[in-house]
Each structure stands twice: as structure tokens, then as C-alpha cells.
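The sequence and structure are shown first, and the description follows.

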Amino acid sequence: MASLRPVRAQGMACSMARTSLRQNSLKMWPTSRTQIRCKSGPYGYTQAKSLVFSEYGEPKDVLKIHTHSISPTLPPSSVLLRTLAAPINPADVNMIQGTYGAKPAFSTLLGTAAPSAVPGNEGALEVVSSTDAALAAGDWVIPKKTQFGTWRTHACVSSADVIKVDRTGLTPEQVATVSVNPCSAYRMLRDYAQPTPLREGDWFIQNGANSGVGRAAIQLGKLWGYRSINVVRARETSEQDEALRKELLELGATHVVTEAEFTAREFRDRLAEWTRGNREGVRLGLNCVGGKSAQTVAYSLGRGGTMVTYGGMSRAPVALPTGLLIFKDIRFVGFWLSRWADGDTEAKERTVAEILGLIREGKFKDVPIVKVPWTWETEAKELMNAVQGTFKGFRQGKGVFEFKDT
């Protein structure tokens, strides 16, 4: 991957000639909790494990664990990192399947037999050692750009490829999950309403409201004074529907409806009642489902509204109603986080810092997660099953690799 400078098992990119410099540099490194937990090999080399794939396919079929070593002697302006937590996002799975909008750079830099890539766009990593004065052992960082490859125990990269974050009052899971879902919700709410940004009291509507992006949009919208209509898939029982409705209302949702309620003929009357006969038109729609749900989002928008599509979970196409384009001047646009995050890393850093600040202040709640322990002894099958199950049915939360004793 272009943003990485990983290591080869023998003759690694992060290694230098075996001279006395290695011993001197080791003496200079401060003793830290991170180094003690670090698996150490001969001559002070760090033993690392990575999930890799060398061909596209289902995760259970193409992922494998690769073990390699990292030299203790780092090039200038580099950092040795230990991963603390790394989420399993749908985009990561799509990348492995070969269906994502960007393709990874396959290489043998990690010493794999075939050119391979490490999945994972998001994560929290801790500095083990550094040759950059701006980063010290114990600091926490996140990837500056996508396709970093976070599904690994350790990485040696350029210090220019990471963003330092203030770890005060935060958990690894909170830092690891800030870059994708909350940033997506933040930017879509702030950047896409036209001709002026959303203002206090404005309405937005979204499907997939129980997703990570949906929950983030509900909370940010509430903080900024927006009103929201939130569509969720029906659960197996009415009691579960009501429990989810209550949970999202407590997060800050104005209204919560199921997909069946949303696509029913009666929904138009409810929408008119909520928006005072459509005099307070819905200005922004967020779509991650597609199909009939996306069409209903579009029909719910007021004159001059904007629908932003950022996903297609139903895999059904988005059909654009001609009348909405002509008579209501509805705008249909797409949002791709990678384009924004990689194109404006300074904006990403500012957005991440603001959201982490809200988490510290107790104003923004974490997305529900399911921890997937990753120890040195964890077998590849356990990790692959966690990745493969990302799209299966109703989940208790986002899967997050939690690295222990690595």
C-alpha cells in the first residue's frame, strides 16, 4: 500500500546493516509498557503477525495470517507501532472481495510468497519507538489515509503517515472507530445541504439509522439543533422494535420508523404532520440502503433538497424519479469517505479532534461493538470468521479486533 513502508521478513525496508548502531539505538529507547508487551525475536527484532490476502474472494477463503519480523533500527522519521484496536468495516470486506471502489496495492514487502495486501482502513495504534521527535513511545496515532492496513499486530511506517491523537480520557476502541462512521456523518450533515448549510431547526431524513453512521448522525444532529427522521429495519418482534426505537430516541432522534412504516402509503400524512404540512421541508436525505427505501427518502425531501448516497446495503439500484428532478429540483449526490479523507488530511485531523473532544465531554456515545480478541496464539480461523460475519443478519455491534499480548 502506498501509504506504508512495511518490512520484509529478511532484508526488510525498515532494517539497516547490522552495526553497533542497533545496540546504541536500543539503549536510547525508553522502557515502556508497550515494549514489554511486544513479542521480541533474535537481535531485538519485533515479531509481528498480519492478516493478508493475495487474491480477491470471500474473507474465509482468501485471508491468512502471515508472521514476519521488524528490525529494531528504524529509518529516519519513522515509527514502530503496535495496534491496539482495529474495526471491521463493510468497506474492508468489500476490499477483500474486490468490489470496492479502490483497489489495494499488492506487494511482497512483508515477505509473503505472493504479492499481498493487509486489510483495515481504521484503527488505534501505539508508538513503540520513533525516530521522529514529534512522536514518542506511548503516544497514540491513527492512520492519516485509507488503505493503511490496520489488521496487524505491528507496523513500521513513516511518521508522515499517521495522525497523533490526544489519548486523555479515551479508550482504544473509541479512537479506533472515530475515523470512518462519525466522520462520514459529520461531513454529510455539514457539507451537502444547498444552497446554505443545515441550520438549527432544519430537518434531515436517513435510512440505515441504526448503523454506525446513522447513530453518529442522530447524535451530531441533536447537538447542532437539527431534527431527524430515522428509518430502521424491523426486528424479529415488536418488543425489539420498540426497544430500538427508544434507544435511538434517547440518542437524540426526533422520530424513528421501521422500513415497513416508511414505505407505507400512510407515511406521507405523518411526514406532513411532522413538518407542518411540508412548510418545513426536509432539506437533506442520507441513503445507505438503495432500492425502494432510497426512493422514499427522495420523495420525502422538500423543494431543493439533497439526497446523499453513501452505501447500498440492499444491493438494489437507486432509481431517480424524474418528477423530483424537474419539479422539485432535488439534487442527488454521492459521498465517499476515502475521497474526502485522503484529499484533505488536515480537515480529517480537525474533524477527528472535534469528535474525540465530544466523546471526552460525554456528549457523543460510542457505537455498540463486539470485541474480537487477537492474541499471539489466536488462530486465523477465529479472525476470518469475525470478518466473514460482518454482513450476517442483525448484529449486536461493530466487530473490533482487540489486540492483547501481541
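Asp 405 is partly exposed, with a relative accessible area of 41%; on this scale buried means under 20% relative accessible area, exposed over 50%, and partly exposed in between (1.4 Å probe, protein chains only). Asp 405 belongs to the segment after strand 15 (398–403), and its phi is positive, near 50°, in a residue other than glycine.

The model is predicted, so local features need pLDDT of at least 70 and side-chain atom pairs count only at pLDDT 80 or more, whereas totals for chains, interfaces and linings use all residues. Residues are numbered from 1 along each chain as its sequence is written, and side-chain values use heavy atoms, with hydrogens and water left out.

**Overall composition**

The protein contains 15 helices and 15 strands. Helices (H or I, at least four residues) and strands (E, at least two) are DSSP runs, numbered from the N terminus. Of the 406 residues, 54% are buried. A contact means heavy atoms within 4.5 Å. Among contacts between residues at least 6 apart in sequence, 76% join residues at least 24 apart.

The buried residues include Gly 212, Arg 215, Ile 218 and Gln 219. Among the elements that cover them are helix 6, strand 8 (203–206), strand 9 (227–232), helix 8 (238–251), strand 11 (282–287) and helix 14. From its first C-alpha to its last, helix 7 reaches 17 Å, close to the 16 Å expected at 1.5 Å a residue; the expected span is 1.5 Å times one less than the number of residues. Helix 7 is followed by Gly 225, whose phi is positive, near 85°.

The axes of helix 6 (residues 181–191) and helix 7 (residues 212–223) come within 8 Å and cross at roughly 50°. This makes helix 6 oblique to helix 7. Axes are lines fitted to C-alpha atoms, for helices over the stretch in contact, and angles run from 0 to 180 degrees between N-to-C directions. Angles under 35 degrees count as roughly parallel, over 145 as roughly antiparallel, 65 to 115 as roughly perpendicular and the rest as oblique. The residues in this contact divide into nine nonpolar, four polar and no charged. Here Ala, Val, Leu, Ile, Met, Phe, Trp, Tyr, Cys and Pro count as nonpolar, Asp, Glu, Lys and Arg as charged, and the others, Gly among them, as polar. Tyr 186 and Met 188 are among the residues that helix 6 contributes, and Val 213 and Leu 220 are among those from helix 7.

Helix 7 also packs against helix 8, at an angle of about 40° and with the axes 8 Å apart. This pair is oblique as well. The residues of the contact divide into four nonpolar, one polar and three charged. Arg 215, Ile 218, Gln 219 and Lys 222 in helix 7 meet Leu 244, Glu 247, Leu 248 and Leu 251 in helix 8.

**Helix 14 and helix 13**

The 16 residues of helix 14 should span 22 Å at 1.5 Å a residue, and the end C-alpha atoms are 22 Å apart, which agrees. Its buried residues include Ala 347, Lys 348, Thr 351 and Leu 356. The elements covering them include strand 5 (140–143), strand 7 (162–165), helix 5 (172–176), helix 6, helix 7 and helix 13.

Leu 356 lies in helix 14 (residues 345–360), and Trp 340 lies in helix 13 (residues 337–343). Not counting residues up to four places away in sequence, Leu 356 touches Val 165, Leu 170, Gln 174, Val 175 and Val 178. With the same exclusion, Trp 340 touches Cys 183, Arg 187, Phe 335, Ala 347, Lys 348 and Thr 351.

**Backbone details**

Most residues other than glycine have a negative phi, and most peptide bonds are trans. A cis peptide bond joins Gln 194 and Pro 195, with omega about 0°. Pro 195 is in the loop between helix 6 and strand 8. Ser 77 has a positive phi, near 55°.
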